[in-house]
Amino acid sequence: MASKKLIIILTALLAVAFSVSAQPAISWQPSEINFGEVPVRAHAFAGIWIDNMNGTESLQVSAHTEGACFNVPTDQMITLMPGDSAYDAFEVDFHPQEEIAYTGTLFLTTNDPQHPSVEIPLTGSGGAAATGSILVTVLDLDSNPIEGAEVVLFTFHGGHEVGRFFSNAAGQVLIEEIDVGPYRVEANAEDFRPQSRDIVVTPNQQLIVTFQLHPSLDEPTIHVMPQVLEFGPVPIGHTAVGQLYVGNLGNETLEVNASIAGDAFNIQGPHHFWVSPEDSGHVVMVAFMPSSENEYNGTVTFTSNDPNHPTINVPLTGTGLEIGMGRIEGFVVTDDPVSGETPVEDAHVRIDYIRGGNGLYGPHLATFTNELGAFEFDDVVWGFYSITASKPQVGFASEVISVETDQTTHVTLSLICPSGADSDSVVVDPRFEIVELSGTAIVVEANDYHSEWYFLDVDDDGVADYMLNFGPPWYEPASGATRPEHGDFIEITGGLMSYGETPIIVVYMINGLAWQNSPIGGGHGGNMGDRLLAFGCDPADISWIELSGVAQDFFAMGLHFHAIDTDENGSADYILDYGDSYEDLGEHVPHAGESVDIVGGLVNCDLSEYGLLPWVIVYEIDTVLWRAPGDTTGMGPFITVEVSERIEAAIPEVFEVAQNYPNPFNPATTIEFSIPSAGQV
């Protein structure tokens, strides 16, 4: 009987213990939020980090604020399963209206019995309003100004109308004394389709926005480019791919059927498709594979529901040639004055066809060297090629070679390791190898994370083979040369800067015109925007640098930075700047302890008096392109903020930092972060 009582008692105790432990357990940070001084009518945002790491049941949290000019979404409820966390669980908006101090409270309501309600103090002050201006130009497709166009400015958050304006005879509207911050601007004109764009107004700067409006047509209106697709000579048995762009200039959805006639031509991809008025267009891939030494002609026929152009024919031309084939074989070595030539294993070797010598579409091929440093390419179309070899932290080499019919071209590529560099150290300011390439330009339009990107497709397969670095977006050469449009055939002479999955070429000449006689800003056209102006650094004084080591966390000025330890002694040697929007890009940023190879721009500015390490703008991570040199998107002013002491309820196990925002608001920004122990930072 006693044993039964004991079992009952133990069972009851276990049930009580289980019921106590089976509950959510909230942790949060920071314990208070100080927005500092924010310009009147501007917005500043701060996120709340919440976790349920120690809970055994799901955690439910809602939020509301008290206090003038502090707001948080009140209809939002988040649920975190045991072990989950959320960095931006709730976002507090501070929007001061006067130059006074503000206080408030963020209330979190939870189902955690230990913390059913959490209060987080909020403080901030309104500062002098920071303003900028916007110059909007509205044009038609022929670049003629549109007089009387309506330009409407909206706030980005909430979409509230700021004002309506009308363009003058030059098609322009100047909007002055606009509070800094993000906006959406829209342009409308009679008989034209409206366009809108997201912009950011920065302090004391004039933002230039240009719209080119399409005619507003009630019916679907087909637009096809180019009007003739010429493939030129193509080796028998090889395939060349061309592109036809199909757009819709109307206000109704365009329905298109594509058919093709002619031997050796075919359409790759769907033959039946739709293009809505909001779409950027549809690309039709046309392949040409000749089987004999003849001239070929064909036609792509587009039939659509465009009542004015129900049928459009695009002629196709091409020539099949019996082409001589050759071979390339060679070695990749390092040449040391003492030890002599040393084979380089696993060097990346690439050949790119230089079109123009015989007018053909040649291949671009890649391989790796074996343990003897040897490589080979079989069945290579005759002609001229740019051949490059590289190995990270070892060096690179490049030559122009010719391949003859039924002959083997022998080449030895000696990797250049710049002065003072070896396999364990930093490579700074390398001598870029000159390459000459031609092909089709691919232009990727600007978005919130990067300005326009330019690529070169050397074999017309629709895939980018090189990124073209034209320098900062504002740079224009005295020669009159211009950046290419999407689809243009171009000839490039430049310096091969990096060897990632998309190698970067610094452009020196385009289509025979000089682009830059000597590289802009430290040898590669880099620019850091407004990033470190507060420290007196020159935005254009940047040198190319290659780093290899272990990712580290670095703390200075009360902030967390990504960094790298290049000599693996446990201490960070360089700050790695990924920009302000890397969290949104979904890309891989290495965490502390991970090995990483970096190509970037070293800011030539001594920051030691601020407790900062040498600063590197990241271009490539482990050979993957991150940003183009000269692209200053996300490189807004670097501004320090005060962060108050965090509570001890939550102690994360790792360092984390989130995107700072808003950017480029000045003089205040917010950076969310976590550290592995409590304390003043």
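This is a predicted model: local features need pLDDT of at least 70, side-chain atom pairs count only at pLDDT 80 or more; totals for chains, interfaces and linings use all residues.

Trainee: What sort of aromatic pair do Phe561 and Trp615 form?

Mentor: An edge-to-face one: the planes of Phe561 and Trp615 are 75 degrees apart, and the distance is 5.8 Å centre to centre. The pair links distant parts of the chain, since Phe561 is in strand β42 (residues 559–565) and Trp615 in strand β45, 54 residues apart.

Trainee: How many aromatic pairs are there in the whole structure?

Mentor: A search of the whole structure turns up 12. Take Phe231 and Phe265: their ring centres are 5.9 Å apart and the planes meet at 40 degrees, so that pair is tilted.

Trainee: Where do Phe231 and Phe265 lie?

Mentor: Phe231 is in strand β18 (residues 229–235) and Phe265 in strand β21, so the pair ties together parts that are 34 residues apart in sequence. Both Phe231 and Phe265 are buried.

Trainee: Which residues do ring pairs link into a cluster?

Mentor: Phe35, Phe70, Phe94 and Tyr102.

Trainee: What about charges on rings: which ring does the charged end of Arg197 sit over?

Mentor: The ring of Phe211, at 4.8 Å from its centre. Arg350 does something along those lines with Tyr466: the charged end of Arg350 sits over that ring, 4.9 Å from its centre.

Trainee: Switching topic to cysteines. How many disulfides does the structure hold?

Mentor: One. The partners are Cys537 and Cys605, with their sulfur atoms 2.2 Å apart.

Trainee: Where in the chain are Cys537 and Cys605?

Mentor: In two loops, 68 residues apart. Cys537 is in the loop between α2 (521–525) and β41 (542–556), and Cys605 is in the loop between β44 (595–603) and β45 (615–621), so the pair links distant parts of the chain.

Trainee: Is the link of Cys537 and Cys605 left-handed or right-handed?

Mentor: Left-handed, with -80 degrees about the S-S bond.

Trainee: And Cys537 and Cys605 themselves, buried or exposed?

Mentor: Cys537 is buried at 4% relative accessible area. Cys605 is buried as well, because its 19% falls under the 20% cut-off.

Trainee: What about Cys69, buried or exposed?

Mentor: Buried, also with a relative accessible area of 19%.

Trainee: Let's do sheets. What is the strand order in the open sheet of four strands?

Mentor: The order is β17-β19-β23-β21, and the pairing is antiparallel. β17 (222–225) and β21 (265–268) are the edge strands, each pairing on one side only. From one strand to the next, the twist averages 30 degrees.

Trainee: What holds paired strands together, in general?

Mentor: Strands of a sheet pair through backbone hydrogen bonds, either parallel or antiparallel.

Trainee: Over how many bridges do β19 and β23 pair?

Mentor: Seven, with β19 covering residues 240–248 and β23 covering residues 282–288.

Trainee: How many residues of β19 are buried?

Mentor: Seven of its nine, so β19 is mostly covered.

Trainee: Which residues does Thr440 touch?

Mentor: Not counting residues up to four places away in sequence, Thr440 touches Phe455, Leu456, Asp457, Asp460, Gly487 and Asp488.

Trainee: Last one, zooming out. How many helices and strands does the protein chain have?

Mentor: Three helices and 48 strands. Of its 681 residues, 50% count as buried. As for contacts between residues at least 6 apart in sequence, 64% join residues at least 24 apart.

Note on methods: Residues are numbered from 1 along each chain as its sequence is written. Side-chain values use heavy atoms; hydrogens and water are left out. A disulfide is a pair of cysteine sulfur atoms within 2.5 Å. Buried means under 20% relative accessible area, exposed over 50%, partly exposed in between (1.4 Å probe, protein chains only). Two strands pair if DSSP finds at least two bridges between them. Axes are lines fitted to C-alpha atoms, for helices over the stretch in contact, and angles run from 0 to 180 degrees between N-to-C directions. Rings of Phe, Tyr and Trp (its six-membered ring) pair if their centres lie within 6.5 Å; planes under 30 degrees apart count as stacked, over 60 as edge-to-face and the rest as tilted. A charge sits over a ring if NZ of Lys or CZ of Arg is within 6 Å of the ring centre and within 35 degrees of the ring normal. Contact means heavy atoms within 4.5 Å.
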